Amino acid sequence: MKIIIAENEQRFDEIAAWEIIGQIMTKKDSLIGLSTGQTTMGMHQITSEIYKLHPFDTSRVKFFNVDELTNLPRTYEGSCYAMIRKQLCDNLNVPDERFLMPLTESDDFEKECRLFEERISENGGADLQILGIGWNGHIGINQPGTPFGSNTWVSPMDNIFEARVRKETGVADDYELGGLTLGIKTIMKSRKIILAAKGSKKAEIIRKALEGPVTEDIPASILQLHPNCQVLLDREAAAHLSGERG
Ligand code: GLP
């Protein structure tokens, strides 16, 4: 795994933004998987700013987000659809036909999961997948214990995560929430993965995921086995890595 340690937040966001832009410029019809969260907002903003200043060709690029909340309206500002639409797709003029998201409301989420997975493979599979990491090592919404062989599915939310989502999104308590997420097996099929983590709160889980054993207890540890995974960290998130890396 190639580990890049950015000297500050601005550099972190710029490095990631240029990875996204570089992917689009080298392969105009790229399929790029994104992630929501605090870690990725800055890279979306910088990608959008660069596009505004120096428009590059986005007429064929396709995006999706690695996960989506279920049982809330898609238009709700806390849905991953709404966040990525606002943070990136709207700014880069990417219409819904090229934003391959699952529905947030359905009577049949198993079918939605299957369709999401099929849409990704029919479009050639992800050229680039950007991932954040949860406090417990989750990727997408694959919590500890998720089998490495998992396909796209609706994951139950753990209490801490659910409370955080409710707080961040303002979703009312009477909405039952779930997390439709690409499975770990599906994520691993991406041709390139960038795992991004910022801040001291991520330092210990980053150490475990990168330097500990590959275990389903820490979903992100599977990325050690991916042939083309880069890890982008700031100094705080890298602080617990051994030797010359940290
Ligand atoms: C949630 C999202 C993940 C994201 C993670 C990290 O779990 N479903 O896709 O990677 O949060 O979020 P943050 O960057 O805010 O720490």
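Start by selecting helix α3, residues 80–89. Its buried residues are C80, Y81, A82, I84, R85, Q87, L88 and C89, where buried means under 20% relative accessible area, exposed means over 50%, and partly exposed is anything in between (1.4 Å probe, protein chains only). Helices here are DSSP runs of H or I with at least four residues, strands are runs of E with at least two, and both are numbered from the N terminus.

A word on what you have open: this is a predicted model, in which local features need pLDDT of at least 70 and side-chain atom pairs count only at pLDDT 80 or more, while totals for chains, interfaces and linings use all residues. Residues are numbered from 1 along each chain as its sequence is written, and side-chain values use heavy atoms, with hydrogens and water left out.

Now show what surrounds α3. Its buried residues pack against β2 (31–34), α2 (38–53), β3 and β4 (67–70); contact means heavy atoms within 4.5 Å.

Next stop, the loop between β4 and α3: pick N71. Most residues other than glycine have a negative phi. N71 is not a glycine, yet its phi is positive, about 70°. With a relative accessible area of 30%, N71 is partly exposed.

Then hop to the loop between α3 and α4 and click N93. This residue is no glycine either, and its phi is positive at about 55°. N93 counts as exposed, at 52% relative accessibility.

Time for some rings. A pair of aromatic rings is described by the distance of the centres and the angle of the planes. Rings of Phe, Tyr and Trp (its six-membered ring) pair if their centres lie within 6.5 Å; planes under 30 degrees apart are stacked, over 60 edge-to-face, and the rest tilted. How many aromatic pairs turn up in the whole structure? The search finds three. One of them is Y51 with F56, an edge-to-face pair with centres 5.1 Å apart and 80° between the planes. Both Y51 and F56 are buried.

Select F64 and F116 for another edge-to-face pair: the ring centres are 6.0 Å apart and the planes sit at 85°. F64 is in strand β3 (residues 62–65) and F116 in helix α4 (residues 109–122), so the pair ties together parts that are 52 residues apart in sequence. Is F64 buried or exposed? F64 is buried, at 0% relative accessibility, and F116 is buried with a relative accessible area of 0%.

Leaving aside neighbours within four places in sequence, the contacts of Q129 include F64, along with G33, L34, S35, V66, L182, S190, K192, I193 and I194. For a distance check, draw a line from Q129 to V94: they are 35 residues apart in sequence and 17 Å apart C-alpha to C-alpha.

Finally, zoom out. The protein has eight helices and nine strands, and its C-alpha trace spans about 50 × 45 × 35 Å along the principal axes. Of its 246 residues, 55% count as buried. Among contacts between residues at least 6 apart in sequence, 78% join residues at least 24 apart.
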